[in-house]
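Me: I would like to go through the labels used for this model one by one, and to see what each rests on.

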Amino acid sequence: MNDHQLAGHLATEAGRLLLAVRQELAGAGEAERKAAGDRRSHEFLMAALAQARPQDAVLSEEGADNPARLRAERVWIVDPLDGTREFSELGRDDWAVHVALWQAGDLTAGAVALPARDITLATPSVAAPPAADGAPRIAVSRSRPPAISEAVRARLDGVLVPMGSAGVKVAAVVQGTADVYVHAGGQYEWDSAAPVAVARAAGLHTSRLDGSPLVYNRADPLLPDLVVCRPEYAQAVLSAVN
């Protein structure tokens with residue numbers, strides 16, 4: 001299978017594994033579910049990539065960073081469980097699995113699985129979200145919405161829509177149930193690589209808060225801010241946050 005197919009397949013299969021872990025540990029505590037989900041999804045993805053693409057490097061949230069990736073032509077950037085908190089709370093469906101490929105300077109493939117919704121969004125082609133009537137919807141964290149989201153809401157005369165993980169928020173914009181997602185103050189490459197690859201395939205605007213490009217496979221994987229939105233809102237959003 002090609003890289004796009006592999007990304008989608010691995011994200012989907014990791015999601016199925018996580019659903020099984022969740023069921024297996026339904027009677028356990030949230031901390032145990034979190035730890036088991038992170039570990040077992042990471043182990044699955046590392047083993048699967050080692051078999052399918054043995055020459056490629058991998059950057060995973062749950063793995064030790066190998067500096068050799070900085071010299072590699074191809075690097076898979078994965079978040080085995082995006083939204084660990086939501087995953088640990090039985091009944092919540094706003095968590096995800098991210099699998100992306102960086103190749104020779106840019107993201108070239110990616111998939112975001114929403115396992116509890118039985119949905120996987122994957123490159124190379126993703127249906128563009130339809131334009132929506134009414135006030136623009138800004139996806140924000142349900143527990144700690146950043147102040148910057150309020151600035152965007154005010155500028156667009158929009159509404160805040162709370163939801164879980166970063167992947168879920170970007171997926172909401174891709175699927176047309178939100179129009180804007182802005183984040184500031186602490187993310188890493190694995191939080192946004194796959195969502196950004198999918199958003200780009202859907203024709204959405206993606207950038208840092210200052211409008212500069214999102215750059216991946218750097219020595220320091222911290223990538224603390226992000227804008228994903230429908231193109232018609234990009235100028236207003238960037239103006240609001242700058």
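Me: Where does UniProt place the feature "binding site"?
Reply: The unreviewed UniProt entry places "binding site" at Glu61, Asp79, Leu81, Asp82 and Asp191, in the numbering used here, and such annotations may be inferred rather than shown by experiment. This is a predicted model, in which local features need pLDDT of at least 70, side-chain atom pairs count only at pLDDT 80 or more, and totals for chains, interfaces and linings use all residues. Residues are numbered from 1 along each chain as its sequence is written, and side-chain values use heavy atoms, with hydrogens and water left out.

Me: Why is leucine 81 called buried?
Reply: Buried means under 20% relative accessible area, exposed over 50%, and partly exposed in between (1.4 Å probe, protein chains only); leucine 81 has 1% relative accessibility and therefore counts as buried.

Me: What makes glutamate 61 partly exposed?
Reply: Glutamate 61 has 33% relative accessibility, so it counts as partly exposed.

Me: Which residues is glutamate 61 in contact with, leaving aside its neighbours within four places in sequence?
Reply: With contact meaning heavy atoms within 4.5 Å, glutamate 61 is in contact with Val78, Asp79, Pro80, Leu81 and Trp190.
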